[in-house]
Every structure is written in structure tokens, then in C-alpha cells.
Amino acid sequence: MGRPDVSKDPDGEEFQLFLQLLRENPAFWSKVSCPERLSASGPPGYDDVVPYARRVVEAFPERVLWGTDWPHPNMKSHMPDDGKLVDFIPRIAVTAELQKKLLVDNPLRLYWGEK
């Protein structure tokens, strides 16, 4: 997600530039992962990261992936609970269709060229 500063407004200029980059470059993909690295509020919900990730998922449903970043290299403050990271998914991909694209369809297309 371009590592947004989640203390700022997701409608602000910085994050909007990231979304513009994706809009103008259809070959670019984004991965919505690592809320534990971005969040100031932390688990269980990583509430401050949700608006950013949800916007990417909804704006680019055909070019977005999800991942846990397991085994969480270089984490110095804490080790995230992967279950809490999985619980993040329905908050950013709010429909079954978006979840399937995020978790199944898009990885198949990107990594294995399947339609």
C-alpha cells in the first residue's frame, strides 16, 4: 500500500498520489498486508489501517493481493498474531466477491497466469 502514514487522512494528498499511481499504471499491483507495521492503534482491529486498505481493495479489485508477511522479518516491537491478521480481511474486503478476488483469483492470475 505504499506504507501510508495512517495518522493522516486517507483523502489527503499523499495517499491520493499512491492511488493515482495505481490508476495511471494498470500493470502495477498492490499488496494489502502488514497492518502491524503501519498501525498506531494496533490489534485486534488495526482500525487506523482499515480505511487505506479498503480503498485499495475497492478501487483496484483486479490488482490487489493480501498476505501476512509471515514470518514477520525485522519486527522489533512485537510478534503479530496471524489470527488477528486474518480477521483483518473482512474489514478491508467487505464482500465475498472481493475476498475471493483478494485471496484466490488475483494470486492465481498474477503468479500462475490463470484467468
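This report walks through the overall build of a predicted protein model and then some of its side-chain pairings.

The model is predicted, so local features need pLDDT of at least 70 and side-chain atom pairs count only at pLDDT 80 or more, while totals for chains, interfaces and linings use all residues. Residues are numbered from 1 along each chain as its sequence is written, and side-chain values use heavy atoms, with hydrogens and water left out.

**The overall build**

Let us start with the whole chain. The protein has 6 helices and 2 strands, where helices (H or I, at least four residues) and strands (E, at least two) are DSSP runs numbered from the N terminus. Read from the N terminus, the order of elements is α-β-α-α-β-α-α-α. The radius of gyration is 14 Å, close to the 13 Å that the globule rule gives for 115 residues, so the protein is as compact as a globular protein of that length. That radius is taken over C-alpha atoms, and the globule rule is 2.2 Å times the number of residues to the power 0.38. The C-alpha trace spans about 40 × 30 × 25 Å along its principal axes.

Contacts here mean heavy atoms within 4.5 Å. Among the contacts with a separation of 6 or more, 72% are between residues 24 or more positions apart.

**Surface and interior**

The accessible surface of the protein is about 6700 Å², and carbon and sulfur atoms hold 54% of that surface. Such areas come from the Shrake-Rupley method with a 1.4 Å probe, and for residues only the protein chains shown count as cover. Of the 115 residues, 40% count as buried; buried means under 20% relative accessible area, exposed over 50%, and partly exposed in between (1.4 Å probe, protein chains only).

Leaving aside residues up to four places away in sequence, Thr68 touches Glu36, Asp82 and Leu85. The Thr68 side chain also reaches the backbone nitrogen of Trp70 at 3.0 Å.

**Salt bridges**

Side chains of opposite charge can pair when their charged atoms come close. A salt bridge is a side-chain nitrogen of Lys or Arg within 4 Å of a carboxyl oxygen of Asp or Glu, and by this rule the model has 8 salt bridges. The table gives some of them.

| Pair | N to O distance |
|---|---|
| Arg55 and Asp11 | 2.3 Å |
| Arg37 and Asp69 | 2.9 Å |
| Lys101 and Glu62 | 2.6 Å |

Where do Lys101 and Glu62 lie? Lys101 is in helix α6 and Glu62 in the loop between α3 and β2, so this pair ties together parts that are 39 residues apart in sequence. Lys101 counts as buried at 15% relative accessibility, whereas Glu62 is partly exposed at 38%. Through shared partners, salt bridges join Glu62, Glu97, Lys101 and Arg109 into one network.

In the pair of Arg37 and Asp69, both residues are partly exposed: Arg37 has a relative accessible area of 23%, and Asp69 has 24%.

Technical notes: A polar contact is a pair of N or O atoms within 3.5 Å; within protein, one must be able to donate a hydrogen and the other to accept it, and residues adjacent in sequence count only if both atoms are side-chain atoms.
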